[in-house]
Amino acid sequence: MTPAQRDLLPASGGSAAPGVAIGGDYAAGGGERFSPVSPIDGAATMPVGQADRSDVGRAIAAAHESFLAWRSRPAPARGELVYEIGRRVREQKKQLAELITLEAGKIVAEAEGEVQEWIDICDFAVGLSRQLYGNTIASERPDHQLIESWRPLGAVGVISAFNFPCAVWAWNTMVALVCGDPVVWKPSEQTPLTALACHKVLVEAAEALGDCPPALSSVVIGAKEVGQALAEDPRLPLVSATGSVPMGRAVAQVVGGRLGRCLLELGGNNGMIVTPSADLKLAERAIVFGAVGTCGQRCTSLRRLFVHKSISAKLVDRLKGAYQGLPIGDPRDASTLIGPLVNQRSAGQMQAALQQAKDEGGEVLCGGDAVDPGAGGGCYVKPAIVRMPEQSSVMHAETFAPILYVVEYDQLDEAIALHNAVPQGLSSSILTTDVREAHTFLGPDGSDCGLVGVNIGTSGAEIGGAFGGEKETGGGRESGSDAWRQYMRRSTATINYGSELPLSQGIKFGSD
Ligand code: UN1
């Protein structure tokens, strides 16, 4: 770690980073200390403490206390904190991105893009703080009025994954803060330092602003027991979880068991259809970024490509050419486009998927093999393109690695049916210049995903839209549009400003 990266972390007074952060209060935590390693070279970054159940309980209690104060602050005044956070993130963008690269292994340009998502959601949330609109509704009774207001909900639990160690928390937290809700965050154990650095920005912004409750943000580092403790606690009326389908299923069952609210953003297995009228230059760029960006480790990564048989040979040739020139290596190097996979397990899963694809009749057209990392120990791989005779079982699972399966199709409705025939439903796109094809894909008989694009790749969604997907992706929506409503309690008020008490539904009850 560089001194600039250390400066981003809370001063711990020791050689390890804290495992528990409750506002500006830092502690090692009652769990066992561990040593995360960087995917770049497998070298240990910094030892980190871990929270145990009682630490999680303390964090939630403090967040709840802070909620009781924060909820009565006017929303535009809550927005002032988010404004100050955004200002500070702009100043530290480069350093924060470097820390993300170190822990998640993504290339600098993409790490900076991730911090940019934080800045963007700050701007969005500040505007939102003056636009938490409700409705007024005509009453069926004379001299009555219905008013719908949105009130703060309570402290929110956020569980996030290694691949977007800053942005996913930021989408949740910036919106939650203007809605009046503090956040308790369990980051991935792969990226605890990024989490502590993000948290520190928030804490310092709150201190600079003054008069903020102490625990608007908390971080509890640890493995699944920590997530379990968040899911169980009724003082967290909302738990927002991003990660694998099994993780989401476990969280949803616990939160559902106490009738809490869940916001799930789980696996994607994203597809694209390329039709005969597609602009192939554009298609090539959209496919390459979608399939190999972040080394195939975005939940929005492109994994399944359905190409019309009349253009398949031509497009596949172009893609093979493009894949050949991809610079693979140290993500800190500005010329690198493909960084490492997160760990050896991930590399093993990639090899297993490629073997299964071959067993199911697939032909690896390029890539798939490991690249010698030189002196370091990172897992560097060549992104693979695999031609499949049909959408067989390997294509139904999400493998978090840069494998692009290509299947030919003949009729658009057949391609759409194939596209939708997987358990996940996050992101999708169609490459076409035919307006009928585009609108068919966007329409009710088209893609069944939460994100649908035309002439664009599956990844790289902007924060202004609601982000999330259907089926096993979990159904949640985060970030922009009206996703904020999930962080609030809807209160429907009925006001009688007359001197009679007429009953609704015209009921006569006793004498008037
Ligand atoms: C994720 O991979 O969990 O749309 C989030 C995208 C990014 C976010 C991905 N804005 O690719």
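This briefing walks through a few local features of the structure, grouped by topic. The model is predicted, so local features need pLDDT of at least 70 and side-chain atom pairs count only at pLDDT 80 or more, while totals for chains, interfaces and linings use all residues. Residues are numbered from 1 along each chain as its sequence is written, and side-chain values use heavy atoms, with hydrogens and water left out.

**Aromatic pairs**

- The structure has five aromatic pairs; rings of Phe, Tyr and Trp (its six-membered ring) pair if their centres lie within 6.5 Å, with planes under 30 degrees apart counted as stacked, over 60 as edge-to-face and the rest as tilted.
- One of them joins tryptophan 118 and tryptophan 169: the ring centres are 5.2 Å apart and the planes sit at 80 degrees, so this pair is edge-to-face.
- Tryptophan 118 belongs to helix α4 (residues 108-128) and tryptophan 169 to helix α5 (residues 167-179), so the pair ties together parts 51 residues apart in sequence. Helices here are DSSP runs (H or I, at least four residues), as are strands (E, at least two), numbered from the N terminus.
- Tryptophan 118 and tryptophan 169 are both buried, where buried means under 20% relative accessible area, exposed over 50%, and partly exposed in between (1.4 Å probe, protein chains only).
- Phenylalanine 162 and phenylalanine 400 have ring centres 6.2 Å apart and planes at 80 degrees, so they make an edge-to-face pair.
- Phenylalanine 162 sits in the loop between β7 (156-159) and α5, and phenylalanine 400 in the loop between β17 (384-387) and β18, so this pair ties together parts 238 residues apart in sequence.
- Phenylalanine 162 and phenylalanine 400 are buried.

**Helix α12**

- Helix α12 (residues 412-420) has Leu412, Ala415, Ile416, His419 and Asn420 as its buried residues.
- Looking down the axis of α12, those buried residues fall within an arc of 130 degrees, so they line one face of the helix; the arc is that of the directions from the helix axis to the C-beta atoms.
- What do the buried residues of α12 pack against? Their partners are β12 (270-274), β13 (302-308), β18 (403-409), β20 (427-431), α13 (435-442) and β23 (470-471), with contact meaning heavy atoms within 4.5 Å.

**Loop residues**

- Alanine 397 is in the loop between β17 and β18, and counts as partly exposed because its relative accessible area is 38%.
- Leaving aside residues up to four places away in sequence, alanine 397 touches Asn269 and Gln424.
- Alanine 397 and glycine 268 are 129 residues apart in sequence, yet 8.9 Å apart in space, C-alpha to C-alpha.
- Aspartate 143 isn't a glycine, but has a positive phi of about 55 degrees. Aspartate 143 lies in the loop between β5 (136-138) and β6 (144-152) and is partly exposed, with a relative accessible area of 39%.
- Asparagine 455, also not a glycine, has a positive phi of about 55 degrees. Asparagine 455 is in the loop between β21 (451-454) and β22 (466-467) and is partly exposed at 31% relative accessible area.

**Surface patch**

- Leu501, Leu503, Ile507 and Phe509 make a nonpolar patch on the surface, with about 460 Å² of accessible area together.
- Patches are made of residues with over 30% relative accessible area and no salt bridge, nonpolar side chains (Val, Leu, Ile, Met, Phe, Trp, Tyr) being joined within 5 Å and like charges within 9 Å. A salt bridge is a side-chain nitrogen of Lys or Arg within 4 Å of a carboxyl oxygen of Asp or Glu. Accessible areas come from the Shrake-Rupley method with a 1.4 Å probe; for residues, only the protein chains shown count as cover.
- Phenylalanine 509 lies in the segment after β25 (488-496) and is exposed, with a relative accessible area of 70%.
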